Amino acid sequence: MKYRLALGSAVALGFARFAYGLVVPAMREQLGWSLADVGLQTTSNGVGYLVGAIVVATVVRRLGTARTFQFGMVISTLALAATAVTSSQLVQLLLRATTGWAGALVFVAGTVVAARHADRSALIVYFGGAGLGVALSGFALPLLLDGNSGRWPVAWLLLATGSLIATVISWSAVSAVPPTPDVKARLGRLRPMGLAYVLFGAGYIVYLTFLTAYLRAEHSTARQVAITWTLMGVAAMVAPPLWNRPLTTWRNARPMAVLLALQVVAALLPLISRTTVLVSAGVVGVTFLNVPASVAALVRRTVPQPEWTAVIGTLTVWFAAGQTVGPWPAGLLADQLGAGAALGWTAALCAAGALVAISWTAGSRRSRGSSV
């Protein structure tokens, strides 16, 4: 069941969000977009994700966790298909917002289902499913679009087809989920983690949005772009066993701090030397999906089960807020200084998030020490 459930994150994150970074260079060339326009599209996706995270608790109360997951998968599939049939920037903005909204429903509902699973590795497997989406799209789309930017609608249709297949396969994975109690979120001492989550959201999405633009600016071939993204996706798929023990045994926000610190290193590596791009992509693949997993694991350890949906939903709102504000200013910066500046933006924000997580962990240790 947990592997079929992981197809939810493959669609909500891998196809509906991250694959945009692969298709957008062709769209930019064909439709005449600036890098700021590219960032605005990602910001629109973040706005939709933010709205979805805000309303997910209400949707879950009305539809139930299982139906919320299934509904989000269907809407994601339809929005991906619709993206292929319009060149209007305004309509594209609305569709990016729709995929964000639907993706938030899938992400939160799927996270709650995975957290309730008896197998404690289910959470990590669920987030690792996005790596499958990244690997498949990273392998196919750059080669499809090489030398023919006019094929971008075909790319979206392929993503919609993959989303449809994933929806069918994952449909029964959530059918037996019990209803979620109607409770309010109480973040309490987890509020600093919300701030760190905001900073991560604002940083990592910029890397994924502008990585292909950076590679194109550095005259990478379509084959090199495909290898880079496929490596990132495969790294995300094989990462769960590496992080299973830290996420389930390390206290407080130590896993999150380590993951964000590695994100900083990964974002800076291409700026130091272009030959380190593959290393950078591999490190990002091993780490970025495990930041949400670390947050979910922390909630599971510190919050009563009836509050999981509400707390995860609230933290996802904070995360979505970061994703919303991060890409557009990064695009403006990239227009002025080059696509590499966007990677620097990622490093700065993830570094700030790591400092918040480290400070909170240190404070928690002092609190435990003083109470002994």
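Keep in mind that the model is predicted. The contact draws on 49 residues from domain 1 and 51 residues from domain 2.

**The interface between the domains**

- Put together, domain 1 and domain 2 bury about 4,100 Å² between them.
- Carbon and sulfur atoms account for 74% of that buried area.
- Eleven residue pairs are in polar contact across the interface of domain 1 and domain 2.

**Domain 1's side of the contact**

- Five elements are listed as giving two or more residues to the side of domain 1 that touches domain 2: α2 (7-18), α3 (20-31), α4 (35-63), α6 (89-116) and α7 (122-145).
- Helix α4 hands over the largest share of that side, with 15 residues.
- Sorted by class, the side of domain 1 that touches domain 2 has 32 nonpolar residues, along with twelve polar and five charged ones.

**The salt bridge**

- The structure holds one salt bridge, and the count between domain 1 and domain 2 is also one.
- Its partners are Glu29 and Arg216, whose side chains come together with the closest N and O atoms 3.2 Å apart.
- As background, side chains of opposite charge can pair when their charged atoms come close.
- Glu29 sits in helix α3 and Arg216 in helix α9 (residues 191-217), so this pair ties together parts that are 187 residues apart in sequence.
- Are the two partners buried or exposed? Glu29 counts as exposed because its relative accessible area is 52%, over the 50% cut-off.
- Arg216 has a relative accessible area of 40%, so Arg216 is classed as partly exposed.

**A look at Asn45**

- Asn45 is found in helix α4, the helix that gives 15 residues to the side of domain 1 that touches domain 2.
- Is Asn45 buried or exposed? Asn45 counts as buried because its relative accessibility is 4%, under the 20% cut-off.
- Leaving aside residues up to four places away in sequence, Asn45 touches Ala16, Arg17, Arg96, Ala97, Thr99 and Gly100.

Technical notes:
Residues numbered from 1 in each chain as written. Predicted model: local features only at pLDDT ≥ 70, side-chain atom pairs only at ≥ 80, totals over all residues. Heavy atoms only, no water. Contact = heavy atoms within 4.5 Å. Buried area = accessible area lost by both parts, 1.4 Å probe. Salt bridge = Lys/Arg side-chain N within 4 Å of Asp/Glu carboxyl O. Polar contact = N/O pair within 3.5 Å; in protein donor to acceptor, adjacent residues only side chain to side chain. Helix = DSSP H or I, 4+ residues; strand = E, 2+ residues; numbered from the N terminus. Nonpolar A, V, L, I, M, F, W, Y, C, P; charged D, E, K, R; others polar. Buried < 20%, exposed > 50% of the residue type's maximum accessible area, 1.4 Å probe, protein only.
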